[in-house]
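This report is written for a reader who is meeting the structure for the first time.

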Amino acid sequence: MGESITDPRGTWGSKLAFIFAASGSAIGLGSMWRFPLMVGKNGGAVFVFTYIISVFFIGFTIMLAELTLGRRTQKNPVGVFQTIKPGSSWKYAGYVALVTCVCILSYYGVIAGWAFGYFYKTIGGMFRGNITWDISDTIFKNFASNPLEIVFCIFIIMAITTFVISKGVQGGIERWSKILMPVLFALILFLAIRAITLGGAQTGISYYLLPDLSKMDPNVFFFGVGQAFYSLSLGMGIMMTYGSYIGKRDNLVTSAGWVCFSTTLVAFLTGIIIFPALFATPGINPGEFEVSTGLMFQVFPIVISKIPGGYLFGILFFFLLLVAALTSTISLLEVPVAYFIDEKRWPRKKAALLVGIVTFALAIPSGLSVGGVKFLTNWKFLISMDLVFGNIMLAVGGLIVCVFLVYLWRTQNALQEISLGSRGFKLKSLWVFNIKFLAPVVIIIILFFKIFNAIS
Ligand code: PHE
């Protein structure tokens, strides 16, 4: 039981522990902050359906591939490539994954910091009274451009993350996921029910659930697949690392299935919370406000101030956001830490502290780039980090996984690893087709589009 000194890597205590931890990684700001933003920017319900289809066909395929590679080698991303193709340059693909994790964590930590800030602001009663768009916008901008407060919030997020990771797989990640994830599910259900029962919720639900096919365009598709990668924590070695702690007797197929299902469900329910609340709030016209990085932070305070019981609703909502963000920051930090433990034989605490400090330092420019601080041009740094690492690098990582698994490791070997613990993999042929053809082709098209869009 637990991790021994001779085995600093650790393993999950049970299959359920893995599902909680991996869903904890997946469910985060991606489902709760980025998803509604994407729905708002990409035509409402059509985006919702494109996202669900992408999770099923592409997300699940790559998640299973990453878990399989991780469990076979019992290693971090660098170790995965090195074990299967020793002495080759493939290990650099692993390094790219490590850097991507650190870079994503650096800006993700900022938004998690905003969630923390809004949590205590809501408790302090800042959003009581008549909050209009102008007031809410000013509160957000003042907060986001207050260097001391932002750095303090990022510090708290990174300190909690580093603390949990330093405690190990069972004593840290598993223990906290087991507590935080059920809380998250309960809160989200409660808030979704509260949102649907608001007067005027109907319009929001229709916007969210009735697809308007005229809104369907290539962008919806590209962003839908991109969102599937982002929300499932794919393409950067997280699922390889989490897969490396899964026991040989556990079923990889159903584990991957559960993680995909719970993440989609939470993203879906977040939409059910946000859109009815938005449309039901007097004075907000969803067609008018700017769908920006701060969407949730600018719009939600107005909602809280207008709806009955809004004070409590607000506190619970920002607490939920904070919990969801923390179980993801934990997974982002675990990947580079696992590398130092596996490859450099560092003690876990030392690895966690070092990577934690470096990431905190890297988070500061992102934190200061939003709002009025002229440290770097407004908004740019955080947005560029999201574009390069949160978008392009995830797709590159996904493509690498497909190519490596199919052409270097071979699908046969993967299927054999999958069969340990999961006899009768019903979707076997579909998975093989997807990993060989569908996923790589779709990713290549998306990469062309993204790079073309970024430079044009
Ligand atoms: N999947 C998590 C989320 O949706 C965190 C994450 C984002 C992990 C991007 C990796 C890459 O919030």
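A residue is called buried when its relative accessible area is under 20%, exposed when that value is over 50%, and partly exposed in between. Glu174 is therefore buried, with a relative accessible area of 6%, whereas Lys178, at 40% relative accessibility, counts as partly exposed. The model described here is a predicted one, and it holds nine salt bridges.

Glu174 and Lys178 form one of these salt bridges, with their closest N and O atoms 3.5 Å apart. Both belong to helix 8 (residues 169–196), where a spacing of four residues separates them by about one helical turn. A salt bridge also joins Asp137 and Lys141, which lie four residues apart in helix 6 (residues 133–144), again about one helical turn. Asp137 is buried, while Lys141 is partly exposed.

Arg348 and Glu334 meet through their side chains in a salt bridge as well. This pair links distant parts of the chain, since Arg348 lies in helix 15 (residues 348–368) and Glu334 in helix 14 (residues 310–344), 14 residues apart. Arg348 is buried at 8% relative accessible area, and Glu334 is buried at 0%.

| Salt bridge | Closest N and O atoms |
|---|---|
| Asp137 and Lys141 | 3.3 Å |
| Glu174 and Lys178 | 3.5 Å |

How values were computed. Residues numbered from 1 in each chain as written. Predicted model: local features only at pLDDT ≥ 70, side-chain atom pairs only at ≥ 80, totals over all residues. Heavy atoms only, no water. Salt bridge = Lys/Arg side-chain N within 4 Å of Asp/Glu carboxyl O. Helix = DSSP H or I, 4+ residues; strand = E, 2+ residues; numbered from the N terminus. Buried < 20%, exposed > 50% of the residue type's maximum accessible area, 1.4 Å probe, protein only.
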